[in-house]
Each structure stands twice: as C-alpha cells, then as structure tokens.
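Here is a short note for your first look at this protein. Keep the structure open while you read the points.

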Amino acid sequence: MNSMSATVVLLVRSEHKSGLLDRLRCAAAIKSNSSFSDKAMAFSGLSTTFINGANDNERKTYIVYMGELLEEGISTVDEHHNLLQETIGNERIARESKIHSYGRSFNGFVARLLPHEAKSLSQKKGVVSVFPNTVQKLRTTRSWDFIGMPETVERNHQVESDTIVAVLDTGIWIKSPSFNDEGYGPPPPKWKGKCAKGANFTGCNRKVIGAQYFNLGGGASDGPISPVDLVGHGTHTSSTAAGVPVRDASLFGLAKGTARGGVPSARIAMYKVCWGVGCDDMDLLAGFDAAIADGVDIISVSIGGPSRRFFEDPMAIGSFHALKRGILTSCSAGNSGPDLQSVENVAPWIMTVAASSIDRQFVSTVKLGEGNTISGVSINTFTPKKQMYPLTNGDRAANSSTANYGNVSACDYGTLSASKVRGNIVFCRGRGQDSTIQELGGVGVIMSADQYTDMAFAYLIPATTVNFTDGELIDHYINSTKAPKAVIDKAVTVNMTAPFIASFSSRGPQVIALNILKPDVAAPGLDILAAYSQLVSLTGDTSDKRIVEYNILSGTSMACPHAAAAAAYVKTFHPKWSPAAIKSALMTTAKSMKIKPIGLALASGAGQINPRKALDPGLVYDLDVNSYVSFLCKEGYNDSAITAITGDRTSNCSSFPPAKGTDGLNYPSMHLQLVDPTSNNTNISAIFYRTVTYVGEGKTVYRAKVKSPKVLSVTVVPKVLSFTKQHQKRSFKVMVKGNFVRRKSWLMSASLVWSNCRHNVKSPILIYRPPV
C-alpha cells in the first residue's frame with residue numbers, strides 16, 4: 001500500500017429512524033512573495049483545494065454522508081467500520097483508514113480510501129453521497145447604529161442572555177475586552193457543550209461558554225493545537241456578532257466609538273475549524289455536528305468555496321441538520337465579486353449574506369510638492385515625520401543592472417533598485433507592493449487601482465491607494481519634475497453616501513438551484529472595526545510589530561455575523577419562529593438598495609437588513625423541513641437520499657406533496673433563470689406559488705402592489721388577503737410573463753409588496769438570462 005495518504009469523509013444515510021477578502025482577491029496581480037499577496041491568498045474567495053493523491057493507487061480523503069442519525073442504541077461507529085471493512089476487504093486497513101465518525105447531530109464518517117473504494121461506497125445502501133475532502137477559505141463601532149440598532153434599542157435581556165451564538169472560524173482571543181463576562185450568570189441550562197484548553201487558552205468564561213477545536217486530518221500548521229485565535233478572523237467575527245460594549249475602541253484613533261455586537265448579552269460558543277491551510281470540510285462538519293448537539297441557537301460561518309451539489313457540500317449538509325433542529329445558519333456569500341455567478345453557500349435553508357457599506361470611509365491623502373492634494377483610500381496608521389519626502393516611480397527606480405522579468409511600473413518584486421528606492425515614496429501601478437518597498441528601504445508607497453477602490457487596507461509602511469486617473473496625474477508629476485516630492489497623511493474618517501454593495505461581494509445568479517435568488521440579504525461588511533487577536537500583528541505579517549486590540553477588516557466574513565446577530569435578535573423576541581420565518585422577516589423588511597449598474601440587482605438579494613423592523617414584519621413566508629424535502633425532490637434528488645436525510649426508511653419523494661411552480665419553494669424572493677442552450681431565452685413565463693403567515697395582531701387586510709418594467713407583466717391572484725387572527729395562512733400565486741425585447745438585455749427587476757396600514761412586505765422578482 002502506498003505510504004502517501006489523504007483523508008476521506010464519509011457521510012452515510014441511516015436506514016433507521018432517529019470571509020479576510022478579507023485580504024482581497026487582487027493577489028493574482030501581486031508578486032508572489034509579498035505579504036499582501038500571502039494575506040490575499042489566505043483569506044479571499046479562493047478556489048477549493050482538493051486534498052488527494054496523484055493517482056488511483058494513493059489513498060485520498062472523502063466525506064461519505066449518511067443522513068439522519070441512527071435509532072437510539074445503534075452504534076454509528078460500528079456501522080461505519082462494517083461498511084469500510086466490507087468495502088476495503090481488510091479489517092486492519094479498514095480500521096486504520098477511518099479518521100472520524102460523526103454521530104451527535106447527523107450520520108457520517110471520515111476515512112482514507114482509494115478512488116475505487118470511494119466509488120464502491122457511494123453505491124452502498126444507506127449512503128447519500130461520497131465526496132473528496134477539500135479546503136475552504138475564510139471569507140464594528142458604527143455598523144450597528146447604521147442599520148438602526150443603537151445601544152438604546154429595545155431588548156429582551158434575559159432571553160438574549162440565554163441565547164447562544166455558535167461561530168465556526170479560526171478560534172477566539174478570549175482575553176479581548178469584548179468578551180468580558182462581568183455580570184453574567186452561569187451558562188443557560190440547555191448548554192451541553194464543553195471548553196477545551198491548550199496553548200494560550202486556559203479556559204472559557206461566562207461570556208464565551210464554549211471553545212472546541214477540530215483538526216481531524218492533523219494538518220494544522222500555524223501553531224499549537226488550541227482554541228486560541230492565531231489569525232484574528234474568528235475573534236473579529238465573534239465580537240461583531242455578540243461582543244459586549246467597549247467604549248473608546250479604535251484602531252490608532254480610526255473608527256473611534258463603542259465597539260459592540262448585535263446581541264451583546266448573548267453567549268458565544270467557538271468551534272475552531274480553520275487552521276493555517278484553510279478550513280477542511282471534515283473539520284467544518286465536525287463543528288456543525290458538535291454545535292447542533294450542544295444546544296446553540298444561531299450558527300455563523302464566514303467560510304466558503306465553490307458551489308457544489310447540496311449533499312456534497314459540508315455547509316449545506318451541516319446547515320440542513322441545524323435547520324431540522326430549529327437553528328438558522330448565516331453564511332458569507334463570498335468575496336469573488338464583481339464577477340457574476342460567484343455567489344457561495346447557496347442552499348435555500350442557509351441565510352446567504354452579501355457585504356454592504358456603512359456611511360464612513362478611511363481616507364489617506366497624498367500631498368504633492370507642487371501643491372496638489374489627491375485623496376486615496378487606506379488604513380494608514382502612520383503619522384509623517386517630515387513635511388515632504390522624495391518621490392519616485394517604478395520606471396525611475398528600475399534596477400537596470402539585472403534582467404527584469406516583471407512589470408517595473410507595477411514595482412514587481414526584483415524589478416527595482418534599492419539605491420533608487422531608499423528614502424523615497426514610490427508610486428506603483430497596481431496594489432500590494434508595501435513589503436517590496438519596505439524591503440528596499442522606501443518610506444512609503446502610493447498605489448493606483450481601478451478595482452476594489454471602495455476598500456481600505458492596512459499596510460506595513462505609509463501607503464494609500466488612488467484611482468487610476470489620479471495615479472496618472474501623480475505619474476506625470478514625477479516624470480515632469482526634476483525633484484518631485486510628496487507626503488502621505490495618516491488616514492482620517494470621512495462620511496460617504498451609503499449603503500451600497502461592496503465591490504468584492506459575490507454576485508448571483510447561483511449555479512446549483514437556478515431559480516432560488518442568492519444572496520438573500522446584505523449586511524455591513526466594508527471597513528468594520530471589531531476585536532482582534534493579540535497573537536497576530538495588525539497586517540498579519542511577521543515583520544509588523546503593531547499588535548492591536550481592535551482591527552478594521554472587510555469581507556462578506558464581516559457581513560455574515562451581522563446577519564447572524566440580527567437573526568438572534570429577532571429570535572429573542574420570537575423564540576418559537578422557525579429559521580425560515582426569521583429569515584423571511586429579515587428579507588421582507590430589508591432596505592432596498594441601488595440596482596444600477598444593472599448587475600447589482602444580483603448582489604444585494606432583498607436588500608440591507610433592518611433588524612428592528614424585522615421584529616414586526618406583518619407577514620412571513622414560512623417553511624418546514626417537509627417543504628425543503630419536496631424542493632429537493634423537484635431538484636432531482638433520488639428516493640434513497642430522501643429516505644436518508646429524513647431518517648424515515650418508509651419515506652421517499654412520493655411521501656411528500658410535490659413542489660409547485662417555477663422554484664418549488666415558499667421563498668421570500670422570486671427568481672427565474674432562462675438558460676436553455678437551444679433557444680435565445682427571449683420569452684419569459686413563470687409562476688410562483690406562495691403562502692404567507694400573519695404574525696401581526698387583530699384583523700387586517702393586505703393588498704398587493706407590483707412594480708415592474710413595461711415589458712414584464714406581473715399578475716398576483718388574489719390581489720387582496722384578509723386575516724382575522726394571528727397565525728392565519730393565506731395563499732396566492734404570482735404569474736410573470738414578458739420578453740427580453742433588446743438583444744443585449746439580460747436582467748429584469750420587479751417587486752411585489754403586500755401592504756396594510758402599517759406594514760410593507762417586500763419581495764424582489766428577478767429574471768435573468770446569460771448576457772450575449
């Protein structure tokens with residue numbers, strides 16, 4: 001047997017009943033050994049990496065999904081071993097191959113298998129799916145005020161204190177002031193979790209009541225095995241969701257104010273599933289398995305990768321079993337914008353969250369020696385020591401003594417001369433050259449870029465990013481002046497018009513369930529201040545000596561915990577609402593966002609969340625587990641898979657009402673993709689069946705209001721819904737017909753609003769065809 005091995009995660013069905021864009025995608029355009037590039041590759045919307053061997057004679061890591069748990073008294077461990085032994089044909093190898101059994105919240109295991117063994121297992125009775133283990137990637141003082149939740153917002157304090165927010169991430173720095181447990185009582189009685197200890201982590205407290213880590217493949221490479229956060233990402237997301245209020249928090253004076261989470265009284269349970277190489281599928285599933293069984297109320301996961309079929313996707317699997325136990329999962333939409341079809345975490349039972357802005361930006365200006373001042377975007381924490389510094393560019397600072405294979409004007413690594421850079425501020429086309437200029441003795445860098453200009457970064461030396469046009473002005477000044485000079489000012493906070501969707505936030509349409517609109521909602525994810533680990537520097541670079549309690553990050557990773565906390569907030573007032581009802585309330589009360597340029601309609605979902613309005617949405621589009629199962633049948637999942645995920649060996653697709661309409665689901669948004677390769681996809685015809693549940697008080701009447709372009713007919717039947725008591729349900733259908741008249745048109749946007757005297761229940765309607 002070949003000594004090289006990889007791991008397989010096997011999730012088996014039972015026959016028995018029961019980001020840091022966070023550091024940006026620009027890395028492709030940046031030199032391979034720059035600190036910026038390393039961070040970008042570590043934390044942006046990167047492609048999934050398969051952990052496998054080079055050929056069919058090497059063992060690989062797979063996940064085999066087996067659905068719902070076995071009946072009580074039946075050992076999943078024994079079942080998994082028997083399956084492996086039967087498949088491999090050798091008891092010793094079978095036992096050595098298995099890495100982990102899931103069995104607290106769903107049924108499955110991880111094992112090292114040869115490809116033909118994995119294929120054989122996939123055909124076994126009781127197995128839903130077998131898929132390779134992959135590595136996924138990680139993807140606020142003012143933000144809560146901006147979305148309508150000031151510190152004085154109404155709260156249900158006792159219920160909130162008993163609410164547990166689970167965060168699956170890089171661990172947590174429990175010593176942060178944001179996790180102070182002063183005034184907290186013991187954990188709520190429902191809590192069944194535990195607190196692991198390890199290096200730099202001596203235990204939990206009454207705020208952070210749980211901390212576990214999962215490193216099933218033994219691939220941790222960034223330090224000791226411990227729940228402690230060595231990256232900063234998990235600490236940031238945790239405090240965004242549920243950190244206690246901390247006065248005068250800032251990053252070197254930037255964004256100064258009270259840092260707090262959306263549900264500051266709630267408890268936090270950290271499940272560390274991400275290590276130096278990323279986040280293994282098998283660890284992610286182990287985190288879900290534990291969190292669900294531990295009794296958490298909301299799960300926040302700022303992790304993602306390329307979309308996969310639902311039961312080959314650990315995020316979809318874990319969140320589905322969370323849903324079955326009344327737990328809503330909030331996930332980041334991805335950081336691969338502005339590309340279309342880049343949205344991640346698209347299962348309809350997940351709340352998929354895009355990143356929006358708040359009304360502030362961090363600006364670091366450049367003053368030129370001839371008097372011009374140019375505005376740039378940067379988290380520049382350095383105060384200049386001189387009024388002016390010598391200024392040069394890549395062309396003037398080129399290393400003429402050696403052969404160059406990079407772009408000199410972009411200051412690529414190896415193209416510049418240290419003697420020409422030393423003591424100078426350098427202008428570079430492109431982004432991320434701070435470590436190169438620092439290494440060569442430069443005192444600052446001005447970068448120009450036309451992508452991601454809404455996003456501020458921290459750098460190793462004084463730096464700022466200007467737009468391309470302003471960059472050309474700076475370059476002309478350098479080339480036309482005998483002794484050009486400049487200074488880069490420390491960043492300041494300025495107000496701006498908001499909200500808008502961040503440039504990096506992933507866009508739809510999705511590629512798995514074509515007629516379900518994703519993302520669902522948007523939440524603040526641009527330039528968010530929150531707690532940070534003190535075991536990592538401000539930039540993550542080992543040469544950076546700045547250690548901070550609070551850091552400013554951007555990404556859908558930052559948006560996700562905002563939405564998770566908003567869901568937790570709603571749940572504290574409506575503890576009996578289903579995950580679908582909570583998501584519906586957040587979607588139908590969201591603030592509509594700008595949809596021009598046209599592609600932005602595919603980026604924002606229902607709009608930016610408004611948690612206070614979501615407490616009283618008037619109507620909700622509710623869904624139970626059976627509704628999702630009917631949807632899965634419509635999507636083509638077979639009877640054996642349905643038997644497994646329901647945990648009922650007598651059930652199959654014929655056991656559930658057929659899903660009706662274009663999308664087959666009672667979803668708060670309505671979406672149609674025209675993707676027939678045999679036609680020009682001109683004609684539009686769709687019908688959506690919906691049922692709303694009245695969650696208001698007293699008798700009321702709702703009337704339908706439609707807004708649509710002239711070439712799109714949207715008919716609602718009936719147009720009036722009457723309710724006499726709370727929890728009444730009323731059904732209606734929406735018929736959409738029309739044509740794409742213009743050959744280059746590819747997107748149409750409409751909306752349906754149910755209104756009474758108090759509420760406006762909004763649903764976006766979006767029609768898409770591939771651009772010509």
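1. Start with Arg758 and Asp616. Their side chains form a salt bridge, with N and O 2.5 Å apart. The term means a side-chain nitrogen of Lys or Arg within 4 Å of a carboxyl oxygen of Asp or Glu. Arg758 sits in the loop between β38 (747–755) and β39 (760–768), and Asp616 in the loop between α15 (611–614) and β31 (619–620), so the pair ties together parts 142 residues apart in sequence. Helices (H or I, at least four residues) and strands (E, at least two) are DSSP runs, numbered from the N terminus.

2. A caution on the source: this is a predicted model, where local features need pLDDT of at least 70 and side-chain atom pairs pLDDT 80 or more, while totals for chains, interfaces and linings use all residues. Residues are numbered from 1 along each chain as its sequence is written, and side-chain values use heavy atoms, without hydrogens and water.

3. Is Arg758 buried or exposed? Arg758 is exposed, at 62% relative accessible area. Asp616 is partly exposed, at 29%. Buried means under 20%, exposed over 50%, partly exposed in between (1.4 Å probe, protein chains only).

4. Now take Asp663 and Arg690. They also form a salt bridge, with the closest N and O atoms 2.5 Å apart. Asp663 lies in the loop between α17 (639–646) and β32 (670–673), and Arg690 in strand β33 (residues 683–694), so this pair ties together parts 27 residues apart in sequence. Both residues are buried.

5. The salt bridge count comes to 19. Glu68, Lys324 and Arg325 are linked in a network of them.
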